Amino acid sequence: MTLNEVAIGEEVFVNSVFGDSKLTKRLLALGCVSGTKVLVKKIAPLGDPMLISFRGFDLSIRKKDAKNIQVVK
């Protein structure tokens with residue numbers, strides 16, 4: 001399952017981050033590493049972007065980028 005498939009209010013754990021190297025480096029630098037708990041807080045009315053929370057801060061991420069984050073429940 002990828003992060004873009006997670007419903008609002010659901011908590012999941014990061015399994016891996018893949019795809020564009022620039023995005024991957026940014027997410028890893030922010031602490032989005034394997035085992036990190038992520039909460040989906042909001043999704044914009046048209047479905048993009050989505051607001052996620054992890055490690056004590058909120059991050060707005062596009063759905064196409066959320067597809068690069070593999071998660072588990």
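Reader: Which elements each supply at least two residues of the lining of the largest pocket?

Author: A caution comes with every answer here: this is a predicted model. The lining of the largest pocket includes Lys22, Leu23 and Arg26. It also includes Leu59, Ser60 and Ile61. The elements that each supply at least two lining residues are α1 and β4 (57-61).

Reader: How do the residues of that lining divide into nonpolar, polar and charged?

Author: Among the lining residues are Asp20, Arg62 and Asp65, and Asp and Arg count as charged. Asn68 lines the pocket too. The space in this pocket is about 160 Å³. The division is 3 nonpolar, 2 polar and 5 charged.

Reader: In what order do the elements run from the N terminus on?

Author: The protein has 2 helices and 5 strands. Among them, α1 covers 21-29 and β2 covers 37-43. From the N terminus on, the order is β-α-β-β-β-α-β.

Reader: What is the radius of gyration of the protein?

Author: The elements run β-α-β-β-β-α-β. For 73 residues the globule rule gives 11 Å, and the protein comes close to that, so it is as compact as a globular protein of that length. Its C-alpha atoms fill a box of roughly 30 × 25 × 20 Å along the principal axes. The radius of gyration is 11 Å.

Reader: Among contacts between residues at least 6 apart in sequence, how many join residues at least 24 apart?

Author: Take Thr2 as an example. Leaving aside neighbours within four places in sequence, Thr2 is in contact with residues including Ala66, Ile69 and Val71. Thr2 itself sits in the segment before β1 (11-17). Over the protein, the share of such contacts joining residues at least 24 apart is 57%.

Reader: Is Thr36 buried or exposed?

Author: Thr36 lies in the loop between α1 and β2. Beyond four places in sequence, Thr36 touches Val12, Phe13, Val14, Gly31, Phe54 and Arg55. Its relative accessible area is 4%, and under 20% means buried. So Thr36 is buried.

Reader: What is the phi of Arg55?

Author: Most residues other than glycine have a negative phi. Arg55 is not a glycine, yet its phi is positive. The value is about 55 degrees.

Reader: Which side chain makes a polar contact with the side chain of Thr2?

Author: At 12% relative accessibility, Thr2 counts as buried. The polar contact has a length of 2.3 Å. The partner of Thr2 is Asn4.

Reader: Which residues is Lys67 in contact with, leaving aside its neighbours within four places in sequence?

Author: Lys67 is found in the loop between α2 (63-66) and β5 (69-72). Its relative accessible area is 46%, so Lys67 is partly exposed. The residues in contact with Lys67 are Thr2, Asn4 and Phe18.

Reader: What distance separates the C-alpha atoms of Lys67 and Val12?

Author: Lys67 and Val12 are 55 residues apart along the chain. Val12 is also one of the residues that Thr36 touches. The C-alpha atoms of Lys67 and Val12 are separated by 14 Å.

Technical notes. Residues are numbered from 1 along each chain as its sequence is written. This is a predicted model: local features need pLDDT of at least 70, side-chain atom pairs count only at pLDDT 80 or more; totals for chains, interfaces and linings use all residues. Side-chain values use heavy atoms; hydrogens and water are left out. Helices (H or I, at least four residues) and strands (E, at least two) are DSSP runs, numbered from the N terminus. Buried means under 20% relative accessible area, exposed over 50%, partly exposed in between (1.4 Å probe, protein chains only). Contact means heavy atoms within 4.5 Å. On a 1 Å grid over the protein atoms alone, a cavity is a set of points where a 1.4 Å probe fits but cannot get out, and a pocket is an open set with protein on both sides within 12 Å along at least five of seven lines; lining residues have an atom within 4 Å of a point. Grid points are joined across faces, edges and corners, and a volume is the space filled by probe spheres set on the points. The radius of gyration is taken over C-alpha atoms; the globule rule is 2.2 Å times the number of residues to the power 0.38. A polar contact is a pair of N or O atoms within 3.5 Å; within protein, one must be able to donate a hydrogen and the other to accept it, and residues adjacent in sequence count only if both atoms are side-chain atoms.
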